[in-house]
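Here is a short briefing to read alongside the structure.

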Amino acid sequence: MILLGVAAVVLFFYGIRSVFEGLAALVGQMPGLLITLIFYAFAFIAQFGALMWFLSRPRTYTVTPDDPQIGLSFNDYRGQPDLVEHAKTLVRILGGVDRFKQAGGEMPKGMLLSGQPGTGKTFLAGVIAAEANLPFIYIDASSLRSMWMGVDALVIISLFRKGRGLARKFAKPGTPGACILFMDEIDSVGMSRGGVQGGQQQGGMGGMGMFGGTGMSLNTLLNQMDSLNAHVEDRFKVRMARWLGLVRGPVPPKPLVFVIGATNRPDTLDVALTRPGRLDRSLIVYPPDGEGRKDIIQHYLNQKAHDETCDVDMMAQDSVGWTPIHIKTIINEALIVANESGRDKLTYKDWLNAADMRFFGLKQPIAKMSADDKRAVAYHEAGHAVVTRYLKPEDRMQKASIIRQGEALGLVSRSEREERFQLHARQIEVDIMISLGSRAVEELILGTKLAGASSDLQAATSRALTYVARLGMGSTLLVAPGNALGGFPEPVLVLADKMLSELYEETKRLIREKEYAVDAVAAALIERKELIGSELDEVFAYADEAHPEKAAPFVRKPLILPTMDEMLKQNGTNGHVPVLTIPVAPGAQPGPVPGPVPPVPVPPIGGGGGNPT
């Protein structure tokens, strides 16, 4: 009734002829209107599709045998001969060794490169790519994570399809071909799925139904690396031929897409990704050993103008625990230091200055420091140097300085002459005494206590707790669990404090016997502000010659700690262990129980009465 009423009103005011003429005009405009609507619909889809492609496109780089771009060879990878031999074996197998095929060998599917940052994982992959003479695709794995639901899966599928296509194109006659796919920082898409720290989450749909789906990349990667896809046809033209009945029978062997993944966090990867048949060839890239560092240092020194004072053996001793990129960067930094000094060649002292600048900070001398402060800093550092000299003669002191650098007013740095791969109890005890040397000098010679020793005391405390509660080197074999976050029981703290007290008394006894050496080193530091290793050796030699009666080697008393039962009885607890625990400071929670200790650079010792931090 309402519609009829509206129609009657329209007919009354406009007339029947006008209404029908308007309807006829509308019908005449319908084709143009339809074309306009279709145009706008396609324009919107094209804009949205282009936006999705632009925001989700992966960063890939392709190198083919007919267009080599990576100018590397096995000779460029220095310091790790075992890794080079392993890489050569892999290259031979991927290239198709007839003897290997005739023996029934199957091509490996992937390899995982793990290790500390800067050890050369990406560089090794580049060398393999250059030497294999195979198609090589490099991709930053973080670019596979897309904001659009499902796009990350499509990208991985297209990536493997591209790899198989390149492998077929450049395959040798009679072989299915192979392509190397290198995924840098693979942990960005390969993290364990749920239930672990840092695991990736299976994203759901957002408010518009298109966002948040970033958890499909790992599942798709697993499927592409090893699944029934290897036995079914994926090429469209062959699938059409099979549909038409022109092709029948089993699918011939597919080209291999050999995946090389690199990560600094292998512990976070999903177990399905590292299982046999996928990234099952695990290769840990360690920092180079002494001979390897010599090779690397010599290799990079040959590329720089350097002075004859650059002793490769001493530089290798200075760089214990360094990665190849550390060595390369320090040598280049040393050349910058030499250039700023107006010289064309770098020297060994430039190498030391560059290393200090890189690890400790820029030198910023204090223009006007009072004589008392300068004397206090000099004696503080002399305490560290003297304890190091007479307790660790096997180590080599690199430098002692009272020039402000970073957050320290002074520092003493040392290195091992020979690399060690095990940590003994006596070494930890001596390291604690070296840290306590500054406070011993302050009390015995300066008659005061300086705030700058706080960092030394923190280091000594940390080592003592590790000695007692983590390594079982004290009077008890009890070791705290690796994931303990509640702190240390009170008896453990008492035992660590007892250890620090015993070692501190020994340190003071050493300082009393070698006070002449402390005075000599402090005087030389006040006069010259900085002493390198050879200059320190001269100062100690002159001091020992001037005091032959006191120059005998210092003999330490053995450290004897009371047993836990003796401590509990002494405290009147009758063998009852208190429930109270004293938590460690936030950010300093105890870590996992260490295994055999790898070679690490010896940290600098200093502070020199500056800011406690």
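What follows is a tour of the overall makeup, the open sheet, the helix contacts and the nonpolar cores.

This is a predicted model, in which local features need pLDDT of at least 70 and side-chain atom pairs count only at pLDDT 80 or more, while totals for chains, interfaces and linings use all residues. Residues are numbered from 1 along each chain as its sequence is written, and side-chain values use heavy atoms, with hydrogens and water left out.

**Overall makeup**

- The protein has 19 helices and 12 strands; helices (H or I, at least four residues) and strands (E, at least two) are DSSP runs, numbered from the N terminus.
- Of the 613 residues in the protein, 42% are buried, where buried means under 20% relative accessible area, exposed over 50% and partly exposed in between, with a 1.4 Å probe and protein chains only.
- Among contacts (heavy atoms within 4.5 Å) between residues at least 6 apart in sequence, 78% join residues at least 24 apart.

**The open sheet**

- Six strands form an open sheet in the order β1-β3-β4-β5-β2-β6, with mixed pairing; two strands pair if DSSP finds at least two bridges between them.
- At the edges stand β1 (60-63) and β6 (281-285), each with a single partner strand, so one side of each has no neighbour in the sheet.
- From one strand to the next, the twist averages 15 degrees.
- Strands of a sheet pair through backbone hydrogen bonds, either parallel or antiparallel.
- Helix α2 (residues 81-94) lies across β2 (110-115), β4, β5 and β6, and runs at about 150 degrees to β6; axes are lines fitted to C-alpha atoms, for helices over the stretch in contact, and angles run from 0 to 180 degrees between N-to-C directions.

**Strand β4 and its surroundings**

- Strand β4 (residues 178-184) runs parallel to β5 (residues 256-263), and seven bridges join the two.
- Within that pairing, Ala178 has Leu256 as its bridge partner, and Asp184 stands opposite Ala262.
- Strand β3 (residues 136-140) also runs parallel to β4, through five bridges, with Asp140 partnered by Asp184.
- Seven of the seven residues of β4 are buried, so β4 is largely enclosed by the rest of the structure.
- In a regular strand the side chains alternate between the two faces of the sheet.
- In β4, Ala178, Ile180, Phe182 and Asp184 point one way, while Cys179, Leu181 and Met183 point the other way.
- Helix α7 (residues 216-225) is mostly covered, with seven of its 10 residues buried; among them are Leu218, Leu221, Leu222 and Met225.
- Those buried residues of α7 pack against α5 (151-169), β4, α6 (187-190) and β5.

**Helix α16 and its partners**

- Two packed helices are described by the angle between their axes and the distance between the axes.
- Helices α16 (residues 490-513) and α17 (residues 515-528) pack at about 75 degrees, with their axes 4 Å apart.
- That makes α16 roughly perpendicular to α17; under 35 degrees counts as roughly parallel, over 145 as roughly antiparallel, 65 to 115 as roughly perpendicular and the rest as oblique.
- In this contact, Ile511, Arg512 and Glu513 of α16 meet Glu515, Tyr516 and Val518 of α17.
- The axes of α13 and α16 come within 10 Å and cross at roughly 95 degrees.
- Gly383, Val387, Tyr390 and Leu391 of α13 meet Thr507, Leu510 and Ile511 of α16.
- The contact of α13 with α16 has five nonpolar, two polar and no charged residues; Ala, Val, Leu, Ile, Met, Phe, Trp, Tyr, Cys and Pro count as nonpolar, Asp, Glu, Lys and Arg as charged, and the others, Gly among them, as polar.

**Nonpolar cores**

- A nonpolar core is a set of buried Ala, Val, Leu, Ile, Met, Phe, Trp, Tyr and Cys residues joined through side-chain atoms within 4.5 Å.
- The largest nonpolar core has 59 residues, and those with the most contacts inside it are Ile432, Met499, Val518, Val521 and Phe540.
- Elements giving two or more residues to this core include α13 (371-391), β7 (395-401), α14 (425-446), α16 and α17.
- Not counting residues up to four places away in sequence, Met499 touches Glu429, Ile432, Ala464, Tyr467, Val468, Leu559 and Leu561.
- Another core, of 28 residues, lies apart from it and includes Phe74, Leu113, Leu134 and Ile260.
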